[in-house]
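Subject: Structure for your files

Hello,

The sequence and structure are below, followed by notes on what was found.

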Amino acid sequence: MAPDLNSTKDLFVFLGKSVFSVLEDMVFTLIPKPQKNVAGEIVLITGAGSGLGRLLALKFASLGSVLVLWDINKEGTEETCEMARAAGATRVYAYTCDCSQREEVYRVADEVKREVGDISILINNAGIVTGKNFLDCPDELIEKSFDVNFKAHLWTYKAFLPAMIANDHGHLVCISSSAGLTGVNGLADYCASKFAAFGFAEAVFAETVAQKQMGIKTTIVCPLLINTGMFEGCTTKFPSLLPVLEPEYAVRKIVDAILQEKVYLYIPRVLYFLVFLKSILSSKIATLLFEYLGIFNVMDGFVGKKKKD
């Protein structure tokens, strides 16, 4: 009898929480969700020497956060550091770090903990792309893709998550990709690494929920294509439906998602619908749809350009 009562109780708790969550989502669709204050939070951004990482740093600088900037490019990181100070940051720390090297991540992480303090917002943004068909991609480039796009997340989590757990306070941000949701022609290694990053971030999120570590938040970001130069030459067949995103727009959406503590952010929003269709349609129809939309071939211009170089 007791097990049945417990099961019934659990069912009602689940239904009650589900109804509350649906109502909450409906309310915040009409009314902007309150944003948390990140002034004074210590924010670490990998790949901060250029592109999306630099713009994220400038945005958090304007919000009063303490910035810890990592990049393999020392000159780029120091330039971002100066720009962040000009944007209003009073405490900015620049570190040269090759995130593909585990021991270097641990070494620089120890320096950060000694010199700055415990990281409270970790943004794994560093990434590389080869833009080669799988059989044309050298083994060392495939390994590099995994080292930077995925394995670096493992080592930064290992370095900074324990303090977040001890403080019951922190935010883990994974910059994955729409290529972490579906395969793309010419991006086999990149897709695999981004699928791995997505799955890892989601699994650690599940761990924090299961262990009642409610003070630790997770945000997983999957943008389509961002016009940062990393994907120069890429196009979409239907730009009004699947646009190449401007970096400033992408950063604004990413930071808003972090401040609102959203778990998932897909941009543009049509990706939510396409992922849903992929999960319910037959594989043949889903393939035909994605081929028609040109999702499988967004790399055509990029791969063609690389072949000419």
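Tyr264 counts as partly exposed because its relative accessibility is 29%; buried means under 20% relative accessible area, exposed over 50%, and partly exposed in between (1.4 Å probe, protein chains only). This is a predicted model, in which local features need pLDDT of at least 70, side-chain atom pairs count only at pLDDT 80 or more, and totals for chains, interfaces and linings use all residues. Residues are numbered from 1 along each chain as its sequence is written, and side-chain values use heavy atoms, with hydrogens and water left out.

Tyr264 forms an edge-to-face aromatic pair with Tyr266, at 6.5 Å centre to centre and 65 degrees between the planes. Rings of Phe, Tyr and Trp (its six-membered ring) pair if their centres lie within 6.5 Å; planes under 30 degrees apart count as stacked, over 60 as edge-to-face and the rest as tilted. Tyr266 is buried, with a relative accessible area of 10%. Ring pairs join Tyr264 and Tyr266 with Phe198 and Tyr272 in a cluster.

The structure holds seven aromatic pairs. In the pair of Tyr106 and Trp155 the centres are 6.3 Å apart and the planes at 75 degrees, so this pair is edge-to-face. Tyr106 is partly exposed, at 24% relative accessibility, and Trp155 is buried, at 17%. Over the ring of Trp155 sits the charged end of Arg102, 5.6 Å from the ring centre; the criterion is NZ of Lys or CZ of Arg within 6 Å of the centre and within 35 degrees of the ring normal.

Regards
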